[in-house]
Amino acid sequence: MRKLKKRWLLVLVFISILSASSFNRHYKKVSAQDEETTEVNPYKEPSGNSSKFLGIRLTNGYSLQPAKETYLEVGQTKTISGNASRSLGTLTLTLALGYTIKKYQWYKSTDGKNWSKDTSSSANKKTLSITPDKEGKTYYQLEVYWQALGILGRTTTHLYSDLATVNAVPEPVDATSVKVTTDDDYLYNSSNDIVNTETIAHAHPDPANFTGTVSWSIDNDNLATIDSETGEIDANTSRLSGVVRVTATLHNPSGSTVSNYKDITIGGGLEDQTVKAGQTATFDLQGNVGDLDEGDDTEGESNYTIKWYKEDPITHAREQIQKDNPQALSYTTPKTTLNDDGTLFLAIVQVKYNGKTYSYTTNDAFLHVKPEGGPNMSITNTMENNTYNDGTNTENMLFGVNNGDQIIYHDTLENKTSGGRLNDATYTLPLRNGTTVKSVKIDGVETDNYELSKNSTTDATDLIVSNLNFDINESHTVDVETEVVGIDKKDSFSSIPYVSGKDDDGVSYRKIGNQNVINYTLDTVAIKKANDIDYGTLNSVMSEGTLNRQDELNLPNNIVDIEDTRRNKQPVTLSVEQVGEFTNENSDVLSGHLRFYNGKNFYDLLNNPTSIYQTENDETLNSQGWSRDEGILLYMNSQMNKAGTYKTTLSWEINDSI
């Protein structure tokens, strides 16, 4: 077996030391109105919602407010959730000062005047579990703030939610219907500083005092994911586009369910447009754009520009358009001609915010122009990886393609008209340079009547089939079998097949197909990121015992992010070692070292490479994270320690299992 050994020295581990010194039940529909109202004073003035321009958060505030009214029976458990974000300006400043740890604290009041910290097990999480033991109202407010890494008590940007009222009632209430809304109807599909890739879904039950629970689901996890409890939606960042259906299911106390849905679009910012020759087409920048000038936290200058471009789909020659309106959120073409068919349009959004410029480039959107007469060609083009499919492939996008894979192209060219022929036509399929062509078939018959031509303009190799003719309603198929070679890094290649020729009057005509995208990867397993570990701040005199990591370093968060793209997944072992003692800035040594805990067993890591996970045959090596009392913990001896910030290094290795 080929020996696999990969090593990372990535993780600093921090710790700071302080100086010493069964019943019958009746389900009914009950109105939530006409209840007695109580004047309530919140624990702190609510901070409000954060505002955004595209994906830039302009103000500190809440992205998810806890539900204003929640109803449940005595003894029943339900949850409320909240979350807040810092503005981009605040984020930049506070990160530079070390405020990286996000903290949560719930407060509660039974009279709406006197408040105290909630001390339940979930009081320091964004989702609070509530189980009332008697009837009545309880008021809640969430505080979100940020703490400096390794320094106890240094906090900043304290944000307070709107008031949440939890009503404990004596009898269950079923819902009869539900309406679903989302904060945004369009999400972007790439990771970037200034575009919106996340939103929140909301369920509005009828009646509002429904006492059951809500769960969320989405119909395509490749396009977006959703938190089943909170309704927080995250779009994919792999540039996959489409429409997803977000469904809320209300689980009634009687055991029945009520559901409804809302569709949202995932895309790159622009949508394709189809018009008839002689009409205009309009391309609109998608998404909840917002207002850059409203509620900006920063005192610096802020403005934006949008540069619109059109591009030839074959040569990729690009031309800037609409220069006289640099903040236009849409572009309308002049009256189109057949020569405009296949033209790509895109926009580059640049935002100057607090003295720094951020940029985002939309996807390429196609202009399709239908003819009024003459030939009317269509191209239906698909790809298939005959060697490998991880379940994410589409007809025009392949993932995880490696050297040696057999990629098959199948294109159908058809003249859908009763008004004219296409003569002396040429079909062109751009291929990645170095691709091996195994065979070409025209209408199912193998042929060598093709050529391969290096295209210096597009940096691709064009496979060209000539001498094609298309009579009225005539079609031809082209099948090309290729083999992937020469992949030495993670890469992607996009291309568009097209057909060109002359109509009956000798006028040039061209029609393009859909864009093909191949995403290449290497057959490897690698650690993509290993997070720093923080054990907080301690007194200089410690009793012997084990210390846990900070809460945000426990599940569902990972300590080590691993990408395993191997086809043949032989068993491997992930190991870790503490390289040297904990020392501070004065070279003092900490009376403690790291251990790996797995159930009742533990293993010393100090200068001792230790296997912490071993895969089986055909098993993926996944990212690693642990619950609070497991994984890498700090074991302290009972001994005086000098004040300071102590650090050590963890060495991670992936090896073939013996």
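The chain in this predicted model holds 1 helix and 52 strands. Its C-alpha trace spans about 95 × 70 × 60 Å along the principal axes. Of the 658 residues in the chain, 48% are buried. The chain exposes about 31,800 Å², and carbon and sulfur atoms supply 43% of that area. As for charge, there are 59 positive and 90 negative charges, and their mean positions are 4 Å apart.

**An open sheet of five strands**

Elsewhere, you can trace an open sheet of 5 strands in the order β30-β32-β38-β34-β35, with antiparallel pairing. Its edge strands are β30 (377-385) and β35 (445-446), each of which pairs on one side only. For β35, the partner is strand β34 (residues 436-442), which runs antiparallel to it and is joined to it by 2 bridges. Here K441 stands opposite E446 in β35. As a rule, side chains in a regular strand alternate between the two faces of the sheet.

**The loop between β45 and β46**

Next, have a look at the loop between β45 (545-547) and β46 (560-564), where N548 lies. What does the side chain of N548 reach? One of its polar atoms lies 2.8 Å from the backbone oxygen of R628, and a polar contact of 3.1 Å joins the side chains of N548 and D629. Setting aside neighbours within four places in sequence, N548 is in contact with Y535, R628, D629 and L633. The loop between β45 and β46 is also the place of P556, and the peptide bond from L555 to P556 is cis.

**Backbone features to check**

Two residues other than glycine have a positive phi: T157 and D618. The table gathers these backbone angles.

| Site | Angle |
|---|---|
| L555 to P556 | omega near 15 degrees |
| T157 | phi near 55 degrees |
| D618 | phi near 70 degrees |

Where do T157 and D618 lie, and is each buried or exposed? T157 belongs to strand β12 (residues 155-160). Its relative accessibility is 14%, and because buried means under 20%, T157 counts as buried. D618 is found in the loop between β50 (610-614) and β51 (631-636). With a relative accessible area of 58%, D618 is over the 50% cut-off and therefore exposed.

Methods
Residues are numbered from 1 along each chain as its sequence is written. This is a predicted model: local features need pLDDT of at least 70, side-chain atom pairs count only at pLDDT 80 or more; totals for chains, interfaces and linings use all residues. Side-chain values use heavy atoms; hydrogens and water are left out. Helices (H or I, at least four residues) and strands (E, at least two) are DSSP runs, numbered from the N terminus. A polar contact is a pair of N or O atoms within 3.5 Å; within protein, one must be able to donate a hydrogen and the other to accept it, and residues adjacent in sequence count only if both atoms are side-chain atoms. Contact means heavy atoms within 4.5 Å. Buried means under 20% relative accessible area, exposed over 50%, partly exposed in between (1.4 Å probe, protein chains only). Accessible areas come from the Shrake-Rupley method with a 1.4 Å probe; for residues, only the protein chains shown count as cover. Lys and Arg count as positive and Asp and Glu as negative; His and the chain ends are not counted. The place of a charge is taken as NZ of Lys, CZ of Arg, CG of Asp or CD of Glu. Two strands pair if DSSP finds at least two bridges between them.
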